[in-house]
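Dear colleague,

Please find below the sequence and the structure that I am handing over to you. My findings follow directly after them.

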Amino acid sequence: MNIKARLKCRWRCSMFVIVAAIGKNGELGKSGDLVWHLADDMRFFRQTTSGGKVLMGRRTWESLPVRKDGFRKLADRWNIVVADSAFEGDFDELVTDLDGFIAENRSSSERIFVIGGGSIYEQLLPFAREIYLTEIKAEDNAADVYFAEFNKSDYDREILGDGVDEKSGIKYEFVKYLRKDKI
Ligand SMILES: NC(=O)c1ccc[n+]([C@@H]2O[C@H](COP(=O)([O-])OP(=O)(O)OC[C@H]3O[C@@H](n4cnc5c(N)ncnc54)[C@H](OP(=O)(O)O)[C@@H]3O)[C@@H](O)[C@H]2O)c1
């Protein structure tokens with residue numbers, strides 16, 4: 001990257017990019033799992049994050065299924081897990097000092113996809129310029145983890161696509177939020 005592009009990147013590029021799927025009331029999770037499993041959303045998530053770095057909390061890590069090959073980590077991505085103390089796993093990097101990690105990476109030119117869960121979204125929201133939300137047109141009052149409140153008027157909203165889940169008939173939109181101010 002040349003200097004001009006890098007300078008532009010210092011405020012134009014979002015280093016932390018949030019990717020989440022939420023219900024009408026911000027529902028994110030239920031009993032340690034996703035609330036809805038929509039095939040199209042899984043595809044969108046894979047396409048968006050593939051080849052990049054993904055940052056997730058310890059509980060989200062533990063919600064990932066162990067595959068037949070014995071691995072839990074998301075394939076084709078550098079898996080970074082946040083936890084208070086050391087623990088074992090086939091992830092690529094463990095972060096125990098989240099504030100230090102944010103300070104170190106917020107002005108790097110590399111994008112880091114923040115993939116949940118609720119506590120990690122909440123802590124990274126102030127540092128994310130881009131948010132990709134799958135807005136699921138359904139509600140579940142048994143959800144126990146919600147997306148943090150954020151002021152939508154601070155962002156430009158762009159609908160990237162929409163659809164209906166074949167299995168459940170649930171409608172959804174893929175929406176990009178881009179912060180208007182510099183962060
Ligand atoms: N709908 C979606 O797009 C989506 C995406 C991802 C996850 N989810 C759902 O969200 C739920 C999980 O969310 P959650 O909020 O309960 O958990 P989480 O954010 O995935 O993980 C929380 C854990 O991360 C660690 N952590 C968080 N902040 C930390 C910090 N500042 N320093 C050190 N460690 C820190 C702690 O681990 P320790 O306890 O080990 O210290 C904490 O218990 C699940 O139901 C999951 O399926 C939904």
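The notes below cover the ligand shell, the core, the strands and a few individual residues.

This is a predicted model, in which local features need pLDDT of at least 70 and side-chain atom pairs count only at pLDDT 80 or more, while totals for chains, interfaces and linings use all residues. Residues are numbered from 1 along each chain as its sequence is written. Helices (H or I, at least four residues) and strands (E, at least two) are DSSP runs, numbered from the N terminus.

Ligand shell

There are 26 residues around the ligand, and G29, G57, D84, G116 and G117 come nearest. By type, the shell divides into 11 nonpolar, 11 polar and four charged residues. Here Ala, Val, Leu, Ile, Met, Phe, Trp, Tyr, Cys and Pro count as nonpolar, Asp, Glu, Lys and Arg as charged, and the others, Gly among them, as polar. At least two shell residues are supplied by each of β1 (16–22), β2 (27–30), β3 (33–34), β4 (53–57), α3 (58–63) and α5 (118–124). Two of the nearest residues, G116 and G117, are joined by a cis peptide bond with omega of about 0°. G117 belongs to the loop between β7 (112–114) and α5.

Nonpolar core

The largest nonpolar core has 38 residues, of which V17, I18, V19, A20, L55, F113 and V114 touch the most other members. Such a core is a set of buried Ala, Val, Leu, Ile, Met, Phe, Trp, Tyr and Cys residues joined through C-beta atoms within 7 Å. Buried means that 20 or more other C-beta atoms lie within 10 Å of the residue's own, exposed that 12 or fewer do, and partly exposed covers the range in between. Two or more core residues come from each of β1, α2 (39–49), β4, β5 (78–82), β7, α5 and β8 (128–136). Of these, β1 gives the largest share, seven residues. Apart from residues up to four places away in sequence, V114 touches F16, V17, I18, V19, L55, I120, Y121, L124 and A128, where contact means C-beta atoms within 7 Å.

Strands

Strands pair if DSSP finds at least two bridges between them. Two bridges join β2 to β9, and G29 has V145 as its bridge partner in β9.

Strand β10 (155–164) lies largely in the open, because none of its 10 residues is buried. Nine bridges pair β10 with β11 (171–179) in the antiparallel sense; R157 is bridged to Y177 of β11. Six residues lie between the two strands of this hairpin, where G169 takes a positive phi near 75°.

Individual residues

S31, in the loop between β2 and β3, has a positive phi of about 50° although it is not a glycine. S31 is exposed, with 10 other C-beta atoms within 10 Å. D76, in the loop between α3 and β5, is likewise not a glycine and has a positive phi of about 65°.

A143, in the loop between β8 and β9, is buried, with 20 other C-beta atoms within 10 Å. Its contacts beyond four places in sequence are G23, E27, L28, G29, K30 and V35.

Yours sincerely

Terms used
Near = placed C-beta within 6 Å. Contact = placed C-beta atoms within 7 Å.
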